Amino acid sequence: MTDHTVSAASQAGARVSPLSRVREIVFSSPLVTLAAIILAVIVLSAIFAPLIVPHDPVRLSPGERLKPPSSEYWLGTDAFGRDLFSRIVYGGRISLVVGVMAAVAAVGLGLILGLLAGYIRWLDAVLMRMVDGLMAIPSILLAIAIVALWGASIWTVLIAITIPEVPRVVRLVRSLVLSAREEPYVEAAIAAGSSTWLIMRRHLMPNTIAPLIIQGTYICASAILVEAILSFLGAGISPETPSWGNIMAEGRIYFQINPGIVLWPGLVVSVAILSINLLGDAVRDALDPRMAKRGIER
Amino acid sequence: MSLLRIENLRIALNGDPQAEVVKGLDLAIEPGQTMCLVGESGSGKSLTALATMGLLPNVLQVTDGSIRIKDEELLRASRSRMRSLRATAMSMIFQEPMTALNPVARVGQQIEEVLEFHSDFSAAQRKSRAMDMMEAVHLPDVEKMYRSFPHQLSGGQRQRIMIAMALVMRPQLLIADEPTTALDVTTQAQILKLIQELREEQGTAVLFITHDMGVVSEIADDVTVLKLGEVMETQPVESLLRHPKTDYSRDLLASVPSQVPRPARDPSSDQIVLETRDLCKTYGGGGLLKRGREVKAAQDVSISLIKGRTLGIVGESGSGKSTVARCIMRLIDPSSGEIVVGGTDIATLSQRALKPERRKIQIVFQDPMRSLNPRIEIGQSIIEGPLNFGGSREAAMKRARELLELVGLPASAVNRFPHQFSGGQRQRIAIARALAMDPDVLVADEAVSALDVSVQAQVLDLLSELQERLGLGILFITHDLGVAAQICDDVLVMQHGRVVEYGPAGEVLGNPKQDYTKALIKAAPGRHWDFANFRPFAEAAE
């Protein structure tokens, strides 16, 4: 049996270009392909929003308040007569930027701190106590405090969302490093006189990538939600700038008159988050050699 | 009539005849007999056992053949019939006693659970039956054991619990899949004796799966040799060991390291390359903020290794032999004592001051699957050390190619990944990586323990050849007395962190002074048999 595994695995081990790797991941299952298409549509429409939208998303027209969907206003209008469809398309700009950047920032910061905590013993105690302290504060409360301190802007909102996520990433990375550092190949590198930096970058960090991608997609999803919550509580980005959270927060009071104001952005948020998570799973499966090996034995 | 009869058994991956892993296996066991199924990894011996139990993983399917127990066809039996046959007609014990028991249930209840499923005894009857069985497997203080959790027992005790569970319904067939491989030799000897004893008492037939010829010579009546899913031969044990019919069996037997120490070599040099003085390592103990129990993992270990010689450190698990190796490599910091490598005491050097000294001493680990980073090409793994000490990438790579050829692999292998190699090949790569640093001392920490015997013999040959060519001093850590006897000039025996006996291999292994060394040698399976010469040692002396 070993022999079959080895020969099959040796084909899988051949070098592949990054592009064909991406293609392989996207087409690994129909569901993943669908998720990739949906996400591409959302991202592209956010980027090219000015070319797509039929109305200015911030123009108030009090005469057109709370209109039902029509050929002029595809999804109807909100309480100030602004076109809902245009606002959702523009809202993607803020929500996606906040989601992706919060995920990248939290994962990046958490990765560095987690590697240090996991590998350098004396730093571990210090760093982890700080992390414990941060985790003791409810994340929404912390986010509100940060926004209140510095005033609401997209950057403060981003920082406010990122900071409470970092401790979780640090803990995850640290636990992965603690088990990876016991691997004989890490000890062999120590014996070969490799520097701490080289060992972390070359032997420890790759072990954390697959779980981090999953964690990153969750953070991305939760950041979009937290941004919505902050907007909802009035501690987010100023209300006239549309974000998915903002739109829902404002639409809440008019739910009975025009439920679409909450439901449509809600649907877009759910679909976007689901797509991101599906893609994250697919990337994880492609990167994690243990998963790949199991695939061959199946 | 045979108790178990397997005919033309074929097992294939996903039922694909191209990917057959067991290819037409025939096997028959008579009541009360012990049949040993021997083979190296990938021979299909465990799969045969799992197929008999109806426990094959889904990806593997029986494509042809029949397995009958007392004339009942198992391959066509329903799931519920198989469930009732397990434990009553046949049962199985596994290799790893650490994971085969439920960690959150008391062991007594785990034995009773078998009775609950398969009998209609009352609770009181079940308990007394379980207690009797625990007596039968010679567990001490049964009342207390009954209420213990698995983690409170030693490996040997856990394996006894497993055996008690397997035999409590008095099945006619016991399948034992490498039941002693994870155990120390002294424990192994006890478990083998127990299986023999229960077989005689209960008349159970035993299908014993092992890779260890020593174990075979101790317990088998008949032996079936498997290679890559095919039966090579089936013979009574004595005649197999004396007159193997196939080349494969002959090679397998010839690879078994003999327990008799090889003739002593004359020291070609008197240059000491590695020396420790009163090396100690203590774990735990009281600190400023915590209180803990002190564990003395190594106490007052003093060794000296001469250029071109091999020093073996032998001991059972927990003896501290690996602790000593890791201290010497400074992978852990020793508590006290000196470690002199090439004239410098490295025991207390800072990591920075230690770096230049690292070149002189390199290590090869036990597990070939984990000793190379799976994500980088092996060439990169080999040159990592040399690059840390400066020098160009091209020169290092050229050297890596040479080293690969030196250890018997093609130079072109530098661009491949670890998973493309077998266990023995990976161990060769690990040796090449160690040699890339031009060390004076090579520490081999159980470096051949995870390998099949034939591969083990090749790697041992490679080590001796390299030693001769490069004048390496080798510190060889092993639990296997046979291996130690074959390659060591000097042997140090450890127990509970202390040095029990230390001297030339011939003396320590041939004429031990200490009781512990004697017990260790006595427990080694197959020590009466000179496998490589196909005869017992007693006959060689005549």
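A cavity here is a set of grid points where a 1.4 Å probe fits but cannot get out, and its lining residues are sorted by class: Ala, Val, Leu, Ile, Met, Phe, Trp, Tyr, Cys and Pro count as nonpolar, Asp, Glu, Lys and Arg as charged, and the others, Gly among them, as polar. Please keep in mind as you read that this is a predicted model. Searching the whole structure turns up 3 cavities of 30 Å³ or more.

Let's start with the largest cavity, which holds about 80 Å³ of space. Its lining draws on both chains: A:Tyr185, A:Ala188, A:Ala189, A:Ala192 and A:His203 come from chain A, while B:Gln362, B:Ser381, B:Ile382, B:Glu384, B:Gly385 and B:Arg433 come from chain B. By class, that lining has 5 nonpolar, 4 polar and 2 charged residues. At least two lining residues each come from α9 of chain A and α13 (378–388) of chain B. Helix α13(B) has the largest share, with 4 residues.

The second largest cavity has a volume of about 50 Å³. Around this space you will find B:Val38, B:Gly39, B:Glu40, B:His211, B:Met213, B:Leu252, B:Asp452 and B:Val453. Sorted by class, the lining of the second largest cavity has 4 nonpolar, 2 polar and 2 charged residues.

Next comes the second largest pocket, with a volume of about 980 Å³. It is lined by 25 residues, and the closest to its centre are A:Tyr119, A:Arg181, A:Ile190, B:Leu331 and B:Gln351.

Which element gives the most to the lining of the second largest pocket? That is α12(B), with 4 residues.

## A nonpolar patch on chain A

On the surface, A:Val43, A:Leu44, A:Ile47, A:Phe48, A:Leu51 and A:Ile52 form a nonpolar patch. Together these side chains belong to residues with about 560 Å² of accessible area. Two helices of chain A, α3 (30–47) and α4 (49–52), each supply at least two residues of the patch, and α3(A) provides the largest share, 3 residues.

Take A:Ile47 as an example: this residue is found in helix α3 of chain A. Is A:Ile47 buried or partly exposed? Its relative accessible area is 48%, so A:Ile47 counts as partly exposed; the exposed class begins over 50%.

Two residues of chain B are worth a look if you like to inspect backbone geometry. B:Asn14 is not a glycine, yet has a positive phi of about 55°. This residue sits in the loop between β1 (4–13) and β2 (20–29) of chain B. With a relative accessible area of 43%, B:Asn14 is partly exposed.

B:His496 is not a glycine either, and has a positive phi of about 45°. Where does B:His496 lie? You can find B:His496 in the loop between β19 (490–495) and β20 (498–504) of chain B. The relative accessibility of B:His496 is 58%, so this residue counts as exposed, given that the cut-off for that class is over 50%.

Definitions and conventions: Residues are numbered from 1 along each chain as its sequence is written. Chains are lettered from A and ligands numbered from 1 in the order in which they are written. This is a predicted model: local features need pLDDT of at least 70, side-chain atom pairs count only at pLDDT 80 or more; totals for chains, interfaces and linings use all residues. Side-chain values use heavy atoms; hydrogens and water are left out. On a 1 Å grid over the protein atoms alone, a cavity is a set of points where a 1.4 Å probe fits but cannot get out, and a pocket is an open set with protein on both sides within 12 Å along at least five of seven lines; lining residues have an atom within 4 Å of a point. Grid points are joined across faces, edges and corners, and a volume is the space filled by probe spheres set on the points. Buried means under 20% relative accessible area, exposed over 50%, partly exposed in between (1.4 Å probe, protein chains only). Patches are made of residues with over 30% relative accessible area and no salt bridge: like charges are joined within 9 Å, nonpolar side chains (Val, Leu, Ile, Met, Phe, Trp, Tyr) within 5 Å. Accessible areas come from the Shrake-Rupley method with a 1.4 Å probe; for residues, only the protein chains shown count as cover. A salt bridge is a side-chain nitrogen of Lys or Arg within 4 Å of a carboxyl oxygen of Asp or Glu.
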